[in-house]
Amino acid sequence: VEFTKVAADPSIVNLGQGLPDISPPSYVKEELAKAAAVDRLNQYTRGFGHPSLVKALSQVYERVCGRKIDPLTDILVTVGAYGSLFSTIQALIEEGDEVIIIEPFYDCYEPMVRMAGAKPVFIPLRCKNNGNSASSADWVLDPAELANKFNSKTKAIILNTPHNPIGKVFTQEELQVIADLCIKHDTLCISDEVYEWLVYKGNKHMKIATLPGMWERTVTIGSAGKTYSVTGWKLGWSIGPENLIKHLQVVHQNTLYTCPTPLQEALAQAFWIDYKRMDDPDCYFYSLSRELESKRDRMARLLTEAGLKPVIPDGGYFMIVDVSTLNVDLSDVDEKQPYDYKFVRWMIASKKLSAIPLSAFCGPETKKQFEKYIRFCFIKKDSTLDAAEVILKNWNKQTG
Amino acid sequence: QTHFLSLPLQAKMSRAVQARRLEGIDKNIWVEFVKLAATYSKVNLGQGFPDFPAPDFLQEALKRALGSGNHMLHQYTRAFGHPPLVTALAQLFEKLLGRELDPMTNVMVTVGAYQALFCCFQAFVDEGDEVIIIEPFFDCYEPMVKMAGGTPVFVPLRPKAPKDGKLMSSADWQLDPAELASKFSERTKVIVLNSPNNPLGKVFSRGELELIAELCVKHDVLCVSDEVYEWLVYDGRELTRIASLPGMWDRTVIVGSAGKTFSATGWKVGWTVGPDRLLQHLRTVHQNSVYHCATIAQEAVAQGFQRELSLYGKPESYFVQLPRTLQQKRDLLIQSLVAVGMKPIVPEGTYFLVADISEFKSDVPEVPNSDEPYDYRFTKWMMKNKGLAAIPLSAFYSEAHKNNYTNFIRFCFAKEEATLKAANDILQKWKKEKASS
């Protein structure tokens, strides 16, 4: 909330908050216009998800997961993936529970776990090469450290792959380590996979729910906002076994009951269009990824030329950057703030470029570890990246 | 890789998974009745939504937004409410309440009034708190209070016999002042008010609201005022808003709905209006549960309000035309019901009407020792055998009081004339069958 106020200032090149400034595909907008013109579609639909949307989702994900998914019992449509996270945590987590959260983490996980009365248990991703990181793949969990976090009170682990903010795409082997622990300790897995389609060359998105023994204990979360570049539609979904999803449905029927109808109908139609071409490279799920890969590469090049050290993400639309290489002295500024907060404020004021400090994504113990990093969002149109390029090219000329 | 456990044992979660806050709140009448209506009903006067279109100007507003080329309307907007919408709402409520409002701190947009209610209960109710709910009530209040760990305390509206020869009115259902006062204790945190009331259609009078307000002030209790049907008030009545009474602004959250205001229930845009000291807590819940509401729906609703602000009080205002149209539909339905022997309670507001079905006991006999109240059986039978959907009144009562009023069913009359006529045909045919049997 704090950094989005900055976003409203038009003189600042905003690479902070994760929202696209590119246009969603035209057929997505057209389908909304068509849906809103149908009278019945302006009234309530089925609470747990508009029938045509849950049908479309079940088809797409049956194909991806290689298993039958019942649209009525295995899927819940929510207000964004955010709403799915909330419904899942309210449904399945309570006082006395512990929930493992991998740092850095999308910032809502911690408050949502606390709101449910449970205790968050943090484990950091650690950089393999002693702080010299060129790729998101360098950031890994220590298996022994992870195993130590599990105990009889552990109710769930929250997984985010592709990962925000680092962009890590967990490999099958890494997921197997997590899966083995979930099975051994009989815990749930909440798998936030909103960036599932945004995976770059050489990487494959793996769904932990498809590993042996995992379907029954995993809720997988997806997002229309990230899939179709329509974050403002606020539609997401939870997919899993009936014995878990039914509890999410109870939360949903007691919190907001149903999601907007015309948006769900439009999304359903967009999914049919892309479902039919899932073997075709023009499918938006793949074409968006290709478009973003070139933006990623451009961003990385610009940052490197400016003397910064980007960590190239294997997925997602964020990139973290080590800013310590610039040696910007901010020691006279408020000492209580982590370095990255101070750096971002300084960068906004003096360079008119915004990003998000990485310690915003960490628990209290780990803030020091991550305070030399800031996060950039690169799902931006060319003119935005052009403006960022100008700033970055002029960076060293102005640094005093 | 070896797995020590056999696959079936691996697969299942062996412990109880769900959180205890879900206890007792898993049943929901709408899930059941919407399914039944979808299967059996030819004429659906059950669930509360219009079957006539949303007004043209709203559809046009959405079209304009989509055609504007501003694709940022498809991205996140301000979390607590899209600026044009909160601005329009603040302007409207300044007029209605006669006080200055800050759109940023006195207004918050939600995913329908439903989510506004959820935020209120989550924000204000803790374990050990009591919440007074007036029966009959919109069914979600009870489970929401329970989910927040609170204890619902019920107080009934009691019907007084109407004057001779007149139809009963929703105004004849009243609170007993002494009974109401007895429900307030030191644990009372909130009272939920719904005026105009779903399902009865009661519009609480100024005097009735003053009674409630006095008790709120005396016991330092908050008021959640569900006013979603605020524009649907008939016979020239005016709605009194409890927040405008002395001592109430500071302790009241008003809940409203674009779905009901603009006949577009599927858009799920609602709002809360109140003092910053209360709304700040709603914002906390909101930012930890849904965070943002859909941008483009808010944009179109904002334009709808801008139009209404410019036409306020004028005959072309939708706020003037909609109640006029609905009053005619109300009266049509009343005629149909009276003709067939159902006894309607004339609603002062909302688009619901409750009718007494005692005369039909011969068609659908009581079943002794049935665990389902009579009106549930009746409505299910009516749906399956006559194709007409309505909702049993006991759905709007707490478990303990479900058997107090089992001879009533609720109809929704926000329907095209063709639908109301079709309902009339069913009822007339039924009456003829009864007469000849």
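Me: What distance separates the centres of domain 1 of chain B and domain 2 of chain B?
Reply: This is a predicted model in which local features need pLDDT of at least 70 and side-chain atom pairs count only at pLDDT 80 or more, while totals for chains, interfaces and linings use all residues; side-chain values use heavy atoms, without hydrogens and water. Residues are numbered from 1 along each chain as its sequence is written, and chains are lettered from A and ligands numbered from 1 in the order in which they are written. Chain B is divided into domain 1 (28-54 + 318-435) and domain 2 (56-311), with bounds from an automatic or database domain assignment. Taken over C-alpha atoms, the separation of the two centres is 25 Å.

Me: How many residues does each domain of chain B bring to the contact, and how much area is buried there?
Reply: With contact meaning heavy atoms within 4.5 Å, domain 1 of chain B gives 38 residues and domain 2 of chain B gives 46 residues. Buried area is the accessible area (1.4 Å probe) that two parts lose on being put together, summed over both. Carbon and sulfur atoms give 60% of the area between these domains, which is about 3,600 Å².

Me: Which residue meets B:Asp235 in a salt bridge?
Reply: A salt bridge is a side-chain nitrogen of Lys or Arg within 4 Å of a carboxyl oxygen of Asp or Glu. Side chains of opposite charge can pair when their charged atoms come close. The count between domain 1 of chain B and domain 2 of chain B is 2 salt bridges. At 2.9 Å from N to O, the partner of B:Asp235 is B:Arg330.

Me: Which element gives the largest share of the side of domain 1 of chain B that touches domain 2 of chain B?
Reply: Helices (H or I, at least four residues) and strands (E, at least two) are DSSP runs, numbered from the N terminus. Among the elements of chain B that each supply at least two residues to this side are helix 2 (29-40), helix 12 (318-340) and strand 15 (408-412). The largest share, 9 residues, comes from helix 12 of chain B.

Me: Why is chain B described as being as compact as a globular protein of its length?
Reply: The radius of gyration is taken over C-alpha atoms, and the globule rule is 2.2 Å times the number of residues to the power 0.38. Chain B has 14 helices and 15 strands. For its 437 residues the rule gives 22 Å, and chain B is as compact as a globular protein of that length because its radius of gyration is close to this value, at 23 Å.

Me: How much area do chain A and chain B bury between them?
Reply: The contact joins 72 residues of chain A to 63 residues of chain B. A:Gln43, A:Tyr44 and A:Asn254 supply 12% of the area that chain A buries against chain B, more than any other three residues. Carbon and sulfur atoms carry 56% of the total, which is about 5,900 Å².

Me: Which residue of chain B forms a salt bridge with A:Glu94?
Reply: Between chain A and chain B the count is 1 salt bridge. The closest N and O atoms of the pair are 2.9 Å apart, and the partner of A:Glu94 is B:Arg20.
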